[in-house]
Amino acid sequence: MDQSIFSADFKPEPYWWDRTPRPVPLEATLPDQADVVIVGSGYTGLNAGLVTARGGLSTVIVDAEQLGWGCSSRNGGQVSGEVKPSYKALARLHGPAQAYAIIAEARTALQWVGDFINKEGIDCDYRHCGRFHAAHSAQQYATQKQEFKSQVKGLERDGHLVDETQIRNEVDSPFYHGGLVINQHASLDPARYHQALYERTLASGCHVVDNCRVENIVRNADGFNLGTAKGQIRAGKVIIATSGYTGSATPWHQRRIIPIGSYMLATEMLDPDLARSLIPNDRVVSDTRKLVVYYRLSPDGHRILFGARVSYKETDPTSSAGPLRLEMLRIFPQLADAKITHSWMGFVGYTFDKLPHLGEDNGLFYAMGYCGSGICLSSYFGHRLGQQALGIPDAKIPMNGLRFETRPFYRGNPWFLGPTIRYYQIRDRFN
Ligand SMILES: Cc1cc2nc3c(=O)[nH]c(=O)nc-3n(C[C@H](O)[C@H](O)[C@H](O)COP(=O)(O)OP(=O)(O)OC[C@H]3O[C@@H](n4cnc5c(N)ncnc54)[C@H](O)[C@@H]3O)c2cc1C
């Protein structure tokens, strides 16, 4: 590894943590019992807890690590209300009405999270910046044009196409052949958003405990008994909010979640004119490759925050920095001299049908598997799950109870990842 790519103060941890370190909880001990125990302190868990505690249920949230240690304090801060499958693909599997309802609900989630941040007065650099979704080949741009012009009525995206001659208005890169601006998408600082949620869960009366891994969950006549690293706790209801970090405490869920590492880096502070010229409209950016690439300016406008998947196997964040930087330079050769100050990774929770899932089995609730678009979906699903745990009528959404698939012999270790990534790389080269 060429050490000269790193700044002297390089850290193998999220850029966001400089400004918002992981919170030190007020509580070190676990109570004996609660109406609701929530496993996982990311956006899903905190949003669910906020609703159950405000609704009058005693609520305990536990995390195996520091609070917000999972994806919720390490993501790219790109807020979209999108599910991965297209309307066509969903209609084939679930019928046109259900397909429509699923996509419409994801859009509702996007509107909801903006309204929620506003209503709660959360200061997390939330901005309606819009997304530029760039086409990495002429063929992909042709597909984008065709799809944009034949959108399903009622599910239209508010946006416009950008052809190759105008591309530098959006990204100053020789890499792309056109793209689509989607106006509704937004950006935020993920760790500040998480911190604000945490503070509101405390104010609502939640008991939040870190370094408290749930090791087993046993159902009994009155509810559940949870064995944790800090002792036993009884719960009337349990909410599983572990997504890409789902483990052996919930084997049924572990068999349905595919943890896939996503890797990010932050550049050093750039010359302000250079930074501005790279993404002139300060949008969040992604591109049409199957191997997802996403980037943006930092909220202060001084750095590029760049994310992608750059290795067949999972690797450590210091080793990922080199290949990630090379990928960044393919798009922005102007950054050849920019040092890397931070490099990090996290496990995104994917699912076999590429949809997020939520549901309940006799008091055991879950929401997970946001497939990389989890900021607004996990917040909204957590909120809805909290309402469902409270027994609020009409709290269910179209994704509730969709068949949550697994595959024969799959136990949570995605051995097929390497070959899939190889296949996607080849597809991206020729498509
Ligand atoms: C690098 C990266 C970039 C991303 N970029 C974006 C983006 O730009 N836009 C977007 O929308 N989404 C993005 N995502 C995805 C998004 O961050 C997640 O979908 C979302 O944060 C999921 O929230 P969550 O609360 O469900 O799970 P998490 O935030 O992952 O929280 C799960 C928690 O469960 C805890 N846990 C697991 N097992 C146990 C146990 N047995 N006992 C106790 N606790 C346990 C873990 O320690 C963890 O803290 C990104 C993800 C990564 C990794």
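User: Which strands form the open sheet, and in what order?
Analyst: This is a predicted model. In this model, nine strands form an open sheet in the order 1-17-13-16-15-14-5-7-6, and the pairing is mixed.

User: Which strands are at the edges?
Analyst: Strand 1 (6-11) and strand 6 (159-163) are the edge strands, each pairing on one side only. From one strand to the next, the twist averages 20°.

User: How do strand 15 and strand 16 run, and how many bridges join them?
Analyst: Strand 15 (residues 293-297) and strand 16 (residues 304-308) run antiparallel and are joined by five bridges. Within this pair, Y295 stands opposite F306 in strand 16.

User: Which strands does helix 5 touch?
Analyst: Helix 5 (residues 138-149) packs on the sheet and touches strand 6 and strand 7 (178-182). The direction of helix 5 makes about 35° with that of strand 7.

User: And which strands does helix 9 touch?
Analyst: Helix 9 (residues 317-331) also packs on the sheet, where it touches strand 13 (258-267), strand 15, strand 16 and strand 17 (340-350). Its direction makes about 95° with that of strand 17.

User: Turning to helix pairs, at what angle do helix 2 and helix 6 pack?
Analyst: Helix 2 (residues 43-54) and helix 6 (residues 190-203) pack at an angle of about 25°, and their axes are 9 Å apart.

User: Why are they roughly parallel to each other?
Analyst: Angles under 35 degrees count as roughly parallel. The angle here is about 25°, and helix 2 and helix 6 are therefore roughly parallel to each other.

User: Is the crossing left-handed or right-handed?
Analyst: The crossing of helix 2 and helix 6 is left-handed.

User: Which residues make the contact?
Analyst: Helix 2 contributes Y43, L46, N47, G49, L50 and A53. From helix 6 come H194, L197, Y198, R200 and T201.

User: Stepping back, how many helices and strands does the chain have?
Analyst: The chain has eleven helices and 19 strands.

User: What radius of gyration does the chain have, and what would a compact globule have?
Analyst: The chain has a radius of gyration of 21 Å. This agrees with the value near 22 Å that a compact globule of 431 residues would have. Along its principal axes, the C-alpha trace spans about 65 × 55 × 45 Å.

User: What percentage of the residues is buried?
Analyst: Buried residues make up 48% of the 431 residues in the chain.

User: What share of the contacts with a separation of 6 or more comes from residues 24 or more positions apart?
Analyst: Residues 24 or more positions apart account for 75% of those contacts in the chain.

Technical notes:
Residues are numbered from 1 along each chain as its sequence is written. This is a predicted model: local features need pLDDT of at least 70, side-chain atom pairs count only at pLDDT 80 or more; totals for chains, interfaces and linings use all residues. Helices (H or I, at least four residues) and strands (E, at least two) are DSSP runs, numbered from the N terminus. The radius of gyration is taken over C-alpha atoms; the globule rule is 2.2 Å times the number of residues to the power 0.38. A residue is buried if 20 or more other C-beta atoms lie within 10 Å of its own, exposed if 12 or fewer, and partly exposed in between; C-beta atoms are placed from the backbone. Two residues are in contact if their C-beta atoms, placed from the backbone, lie within 7 Å. Two strands pair if DSSP finds at least two bridges between them. Axes are lines fitted to C-alpha atoms, for helices over the stretch in contact, and angles run from 0 to 180 degrees between N-to-C directions. Angles under 35 degrees count as roughly parallel, over 145 as roughly antiparallel, 65 to 115 as roughly perpendicular and the rest as oblique. A crossing is left-handed if the near helix is turned anticlockwise from the far one by less than a right angle, and right-handed if clockwise.
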